Amino acid sequence: MAQRRAVMTACLHNVGPLGRLNAAMTEPRILVVHSRKGGVGKTTLAYEFAWILQAPLIDLDWEGGGATRSWGYRAEDHQRCPLIDALERGSTPRPMAGRRTKRPDLVPSHPDLELFQPDAETMAAALRSWAGEWGHQWVVVDTHPGATPATSGALQVANVVAVPVPLGVKDLHGTELTVKELVGYPLILVPNKIPPVPAGPMLDMLARAIGDEDVKVAPPIPAAQAVTTRRRRTAMTSEDPVPKALVKVVTALERVARFIEEAAA
Ligand SMILES: Nc1ncnc2c1ncn2[C@@H]1O[C@H](COP(=O)(O)OP(=O)(O)OP(=O)(O)O)[C@@H](O)[C@H]1O
Ligand SMILES: [Mg+2]
């Protein structure tokens with residue numbers, strides 16, 4: 001407990017205004033939210049972690065139901081994609097400012113990203129360079145489900161790979177594969193959409209999926225209908241006061257963000 005408090009204190013002291021790096025912490029950290037499985041909560045978690053960690057959010061998912069649309073940016077109405085432009089020119093995109101309106105700053109995605117996807121090396125180099133240019137403590141990357149070249153690049157430079165894991169049979173099969181494929185990566189499994197009493201056999205499956213690998217498991221994030229039906233663009237964790245239906249989820253998201261910070265410290 002004392003050790004945990006010490007780490008928390010150190011983390012807090014490193015935080016500059018709006019999550020900017022200060023002299024005590026010179027290397028930005030890259031958090032990649034990833035899963036081979038779709039619909040597990042990648043975008044929901046990436047959006048909230050970006051808000052909590054005061055980090056720019058890079059949306060690498062070109063499908064319509066991602067962070068870019070939730071943020072309020074209709075990529076299909078824009079001919080140009082700042083992300084692709086930056087990758088092609090070797091420049092640094094400027095994240096769209098969201099914090100005043102309680103959303104994370106965002107580098108939006110675009111349908112064209114499916115066709116004009118960078119190779120893994122280009123993506124990795126770009127992310128490292130952008131993170132350095134922006135000078136924030138953290139950068140958060142949301143990914144397309146499955147293994148794509150852009151995701152591979154992001155994984156190469158990730159300081160933390162957060163994998164949302166609902167406790168369902170198929171989700172856990174996916175988790176088992178993810179753990180095997182990403183041995184050696186800084187994986188944190190984040191149980192998400194968890195009922196008040198998780199089924200014992202599912203917990204056993206989770207333990208088997210991890211096996212002997214060095215994988216951390218974050219505190220669970222409960223299932224809440226209010227998450228699924230929420231239409232606001234603001235981060236849930238920006239709400240003040242937090243609506244009753246979201247209190248448990250918001251508390252858990254904040255706890256998991258601290259867990260990630262500690263893991264990366
Ligand atoms: N803790 C939760 N409780 C209830 N619903 C949740 C929770 N987390 C996410 N959801 C809901 O689950 C659905 C899928 O979430 P989300 O879009 O974040 O997943 P995803 O992994 O990014 O999906 P995709 O693979 O399609 O990009 C959404 O309707 C979302 O609101
Ligand atoms: Mg998504």
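This is a predicted model: local features need pLDDT of at least 70, side-chain atom pairs count only at pLDDT 80 or more; totals for chains, interfaces and linings use all residues.
**Alanine 50 and helix α2**

I then located alanine 50 in helix α2. Is alanine 50 buried or exposed? I recorded 33 C-beta neighbours inside 10 Å; a residue is buried at 20 or more, so alanine 50 counts as buried. I also compared alanine 50 with valine 227, which is 177 residues away along the chain. The C-alpha atoms of these two residues are separated by 17 Å.

**Helix α2 against helix α10**

I noted that two packed helices are described by the angle between their axes and by the distance between the axes. For α2 and helix α10, residues 247-264, I found that the axes come within 10 Å and cross at roughly 70°. Angles of 65 to 115 degrees count as roughly perpendicular, so α2 is roughly perpendicular to α10. On the α2 side, I listed Glu48, Phe49 and Ile52 as making the contact. On the α10 side, I listed Leu253, Glu254, Ala257 and Ile260. Sorted by class, this contact has five nonpolar and two charged residues, with no polar ones.

**The shell around ligand 1**

I next asked how many residues surround ligand 1. I found 19, and the closest are Gly38, Lys42, Thr43, Thr44 and Pro145. The elements that give two or more residues to this shell are α2 (42-52), β6 (187-194) and α9 (225-228). Helix α2 supplies the largest share, three residues. By class, I recorded seven nonpolar, nine polar and three charged residues in the shell around ligand 1.

**Helices α5 and α6**

I turned to helix α5, residues 120-134, and helix α6, residues 149-156. Their axes come within 7 Å and cross at roughly 45°. The crossing of α5 past α6 is right-handed. From α5, the contact is made by Ala120, Glu121, Thr122, Met123, Ala124 and Leu127. From α6, the contact is made by Pro149, Ala150, Ser152, Gly153, Ala154 and Gln156. I counted by class seven nonpolar, four polar and one charged residues in the contact of α5 with α6.

**Proline 186**

I found proline 186 in the loop between α7 (169-181) and β6. Not counting residues up to four places away in sequence, proline 186 touches Ala158, Asn159, Val160 and Val161. From proline 186 to alanine 235, I noted 49 residues in sequence and 26 Å in space, C-alpha to C-alpha.

**Backbone entries**

I looked up where a cis peptide bond occurs, and recorded the one from aspartate 240 to proline 241, with omega near 0°. Proline 241 is in the loop between α9 and α10.

I then looked at phi in two residues. Glutamine 54, which is not a glycine, has a positive phi near 55°. Glutamine 54 lies in the loop between α2 and β2 (57-59). With 18 C-beta neighbours inside 10 Å, glutamine 54 counts as partly exposed.

Lysine 193 also is not a glycine, and its phi is positive, about 60°. I found lysine 193 in strand β6. Lysine 193 has 22 C-beta neighbours inside 10 Å and therefore counts as buried.

Methods
Residues are numbered from 1 along each chain as its sequence is written. Chains are lettered from A and ligands numbered from 1 in the order in which they are written. A residue is near a molecule or strand if its C-beta atom, placed from the backbone, lies within 6 Å of it. Helices (H or I, at least four residues) and strands (E, at least two) are DSSP runs, numbered from the N terminus. Ala, Val, Leu, Ile, Met, Phe, Trp, Tyr, Cys and Pro count as nonpolar, Asp, Glu, Lys and Arg as charged, and the others, Gly among them, as polar. Axes are lines fitted to C-alpha atoms, for helices over the stretch in contact, and angles run from 0 to 180 degrees between N-to-C directions. A crossing is left-handed if the near helix is turned anticlockwise from the far one by less than a right angle, and right-handed if clockwise. Two residues are in contact if their C-beta atoms, placed from the backbone, lie within 7 Å. A residue is buried if 20 or more other C-beta atoms lie within 10 Å of its own, exposed if 12 or fewer, and partly exposed in between; C-beta atoms are placed from the backbone. Angles under 35 degrees count as roughly parallel, over 145 as roughly antiparallel, 65 to 115 as roughly perpendicular and the rest as oblique.
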